[in-house]
Amino acid sequence: MLQQFAQEIWIADGPTTATGGFPYPTRMVVIRLTGGELFIWSPIPLSDELREEVDALGDVRYLIAPNSLHHLFIGEWRRAYPAARLHAAPGLRRRRKDLAFDVDLNDTPAPGWSEQIDHVVIRGNLITTEVVFFHRESRTAIFTDLIQHFGPTWFAGWRAVVARLDLMTGAEPAVPRKFRNTFVDRGVARAALRRSLAWPSVRVLMAHAAPIEAGGQAFIARVFQWLLI
């Protein structure tokens, strides 16, 4: 189930979930820190098989909800790993009052991972505030919903038309039009994005697109060119 993506970083794809009537695949990322602690980004459902594979890698220490849309399965991980610290993207604590979050993510990386993982908060969007991460050892940037790409047959009927108009099924990954149109503070978003472009990204992982395994920094700049100008 877990697939090694690069040095000390693994991915696992989960089941499809529905959001607003649209089917979305799920993906999580596991990063093993130097002390053996595990950083779990956007966890998928915790099956017995997945738990066994995760436990073989190290100790689950950090559970990350990277935006206010990716939180569906984090509660079951918290129950399975009660000693892990639960980190929430800005705005999620209000939505998930049933969960006792330990930390609200901001622009300062947590001490437990700051030497190995950087992150920046992309603010200014009405739909969600997304925290973008960078794993230094593998030179991997990790986006959640701000970059998406689906195959031409993923959606059917009227949903396929909406997805095409939303730039979700184009020739390469893109920022969906709904996110572009809801950046009400582009200056704040632009400054945050420029911070992420300073990372020497080679690879890019996204929740809803195939991984990028080379030229990551140029890829991010190209995808967000509309915002940077």
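**A covered strand and its surroundings**

Guide: Gladly! Strand β11 is mostly covered, with six of its six residues buried. Buried means under 20% relative accessible area, exposed means over 50%, and partly exposed is in between, with a 1.4 Å probe and protein chains only. Helices (H or I, at least four residues) and strands (E, at least two) are DSSP runs numbered from the N terminus.

A word on the source: this is a predicted model, in which local features need pLDDT of at least 70 and side-chain atom pairs count only at pLDDT 80 or more, while totals for chains, interfaces and linings use all residues. Residues are numbered from 1 along each chain as its sequence is written, and side-chain values use heavy atoms, with hydrogens and water left out.

Now to the sheet itself. β11 belongs to an open sheet of four strands, ordered β8-β9-β10-β11, with mixed pairing. β8 (117–122) and β11 (203–208) are its edge strands, each pairing on one side only. From one strand to the next, the twist averages 30°. Two strands pair if DSSP finds at least two bridges between them. Strands of a sheet pair through backbone hydrogen bonds, either parallel or antiparallel.

With β11, β10 runs parallel, joined by five bridges, and Thr 140 has Arg 203 as its bridge partner in β11. With β9 (residues 130–135), β10 runs antiparallel, joined by three bridges. There, Phe 134 stands opposite Ala 141 of β10. Helix α7 (residues 216–223) lies across β10 and β11, at about 50° to β11. Such angles run from 0 to 180 degrees between N-to-C directions, with axes as lines fitted to C-alpha atoms, for helices over the stretch in contact.

The loop between β9 and β10 holds Arg 139. This residue has a positive phi, near 55°, and is not a glycine. Arg 139 counts as partly exposed because its relative accessible area is 43%.

His 135, in strand β9, counts as buried because its relative accessibility is 1%. Leaving aside residues up to four places away in sequence, His 135 touches Gln 7, Glu 8, Ile 9, Ile 31, Gln 116, Ile 117 and Thr 140; contact means heavy atoms within 4.5 Å. One of these contacts, Glu 8, sits in the loop between β1 and β2. Glu 8 also has a positive phi, about 60°, without being a glycine. Its relative accessibility is 23%, so Glu 8 counts as partly exposed.

β2 and β3 run antiparallel and are joined by nine bridges, with Phe 22 of β3 as the bridge partner of Thr 19.

Finally, the largest pocket has about 470 Å³ of space. A pocket is an open set of points on a 1 Å grid over the protein atoms alone, where a 1.4 Å probe fits, with protein on both sides within 12 Å along at least five of seven lines; lining residues have an atom within 4 Å of a point. Grid points are joined across faces, edges and corners, and the volume is the space filled by probe spheres set on them. Among the 27 lining residues, Thr 19, Tyr 24, Leu 69, His 70 and Asp 145 are closest to the pocket's centre. Two or more lining residues come from each of β2 (9–19), β3 (22–32), β10 (140–148) and α5 (177–181), and β3 gives the most, with five. The lining divides into 13 nonpolar, nine polar and five charged residues. Nonpolar covers Ala, Val, Leu, Ile, Met, Phe, Trp, Tyr, Cys and Pro; charged covers Asp, Glu, Lys and Arg; the others, Gly among them, are polar.
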